[in-house]
Amino acid sequence: MPDPWLPGTALGSALLALYAAPVALGRAPSPVGGEWYVRTAGFLADVVGTGGPEPLLRWTPQACQLLCLVALWPLLERVGDGRLSWPGRWGVLYLVAVAGWVWRDALAPVSPPLLAALLLLPLLLRLPPFRGGAPAAGPSDHRRPNG
């Protein structure tokens, strides 16, 4: 088995380069819009005591997108059990990470709800299946064809 830290370290360094390069070149992410986001960021900025909601509106979507990758791993483990190998899971995670960076501006408004969904989905998959319907009237006799 390969070193378990190697793929995670490589993915972390690739994501650090992808997200840090635009900031190092002077292109900070654009703030996410929407009344709900502005009100929520304003409330959180007042609670934390920052100067305003601008930093939260800029950096929270990117943080949520990166946390989505962490929440995706247990989901891939649960869903892909037996069908998706360990390198396959890392491959899916790499593809999702790069796609998330490419479409980061389009995904910015939906990243907090997406993170919540990815955190709740493994919990919902652990629930036992609902078995509706009426219980059987009694044990059936399998020796007779009609009864």
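Student: How many salt bridges does a search of the whole structure find?

Tutor: The search finds 2 salt bridges. The model is a predicted one, in which local features need pLDDT of at least 70 and side-chain atom pairs count only at pLDDT 80 or more, while totals for chains, interfaces and linings use all residues. Residues are numbered from 1 along each chain as its sequence is written, and side-chain values use heavy atoms, with hydrogens and water left out.

Student: What makes glutamate 35 and arginine 39 a salt bridge?

Tutor: The term requires a side-chain nitrogen of Lys or Arg within 4 Å of a carboxyl oxygen of Asp or Glu. The closest N and O atoms of glutamate 35 and arginine 39 are 3.5 Å apart, so the pair meets the criterion. The two residues are 4 residues apart in helix H2 (residues 35-48), a separation of about one helical turn. Helices here are DSSP runs of H or I with at least four residues, strands are runs of E with at least two, and both are numbered from the N terminus.

Student: Which residue forms a salt bridge with glutamate 54?

Tutor: The partner is arginine 58, with 3.1 Å between the closest N and O atoms. Glutamate 54 and arginine 58 both belong to helix H3 and are also 4 residues apart, about one turn of the helix.

Student: Why is glutamate 54 called partly exposed?

Tutor: Buried means under 20% relative accessible area, exposed means over 50%, and partly exposed is in between (1.4 Å probe, protein chains only). Glutamate 54 has 37% relative accessibility, so it counts as partly exposed. Arginine 58, at 24%, therefore also counts as partly exposed. By contrast, both glutamate 35 and arginine 39 are exposed.

Student: Why is the pair of tryptophan 73 and tryptophan 90 called tilted?

Tutor: Rings of Phe, Tyr and Trp (its six-membered ring) pair if their centres lie within 6.5 Å; planes under 30 degrees apart count as stacked, over 60 as edge-to-face and the rest as tilted. By this rule the count comes to 4 aromatic pairs. For tryptophan 73 and tryptophan 90, the centres are 4.8 Å apart and the planes are at 40°, which makes the pair tilted. Tryptophan 73 lies in helix H3 (residues 54-79) and tryptophan 90 in helix H4 (residues 86-102), so the pair ties together parts that are 17 residues apart in sequence.

Student: What makes the pair of tryptophan 86 and tryptophan 90 edge-to-face?

Tutor: The ring centres of tryptophan 86 and tryptophan 90 are 6.4 Å apart and the planes are at 75°, so the pair is edge-to-face. Both residues lie in helix H4, 4 residues apart. Trp73, Trp86, Trp90 and Tyr94 form one aromatic cluster.

Student: How do you know whether tryptophan 90 is buried or exposed?

Tutor: Its relative accessibility is 14%, so tryptophan 90 counts as buried. Tryptophan 86, with a relative accessible area of 22%, is partly exposed.

Student: Which residues have the most contacts inside the largest nonpolar core?

Tutor: They are Leu11, Leu15, Leu72, Leu93 and Leu118, in a core of 16 residues. Such a core is a set of buried Ala, Val, Leu, Ile, Met, Phe, Trp, Tyr and Cys residues joined through side-chain atoms within 4.5 Å. The elements giving two or more residues to this core are helix H1 (5-24), H3, H4 and helix H6 (111-126). H3 gives the most, with 8 residues.

Student: What makes glutamine 65 a buried residue?

Tutor: Glutamine 65 has a relative accessible area of 8%, so it is buried. This residue belongs to helix H3, and its side chain reaches the backbone oxygen of arginine 104 at 3.2 Å. Leaving aside neighbours within four places in sequence, glutamine 65 is in contact (heavy atoms within 4.5 Å) with residues including Tyr19, Gly100 and Ser111.

Student: How many helices and strands does the protein have?

Tutor: There are 6 helices and 0 strands. Of the 147 residues, 24% are buried.

Notes. A polar contact is a pair of N or O atoms within 3.5 Å; within protein, one must be able to donate a hydrogen and the other to accept it, and residues adjacent in sequence count only if both atoms are side-chain atoms.
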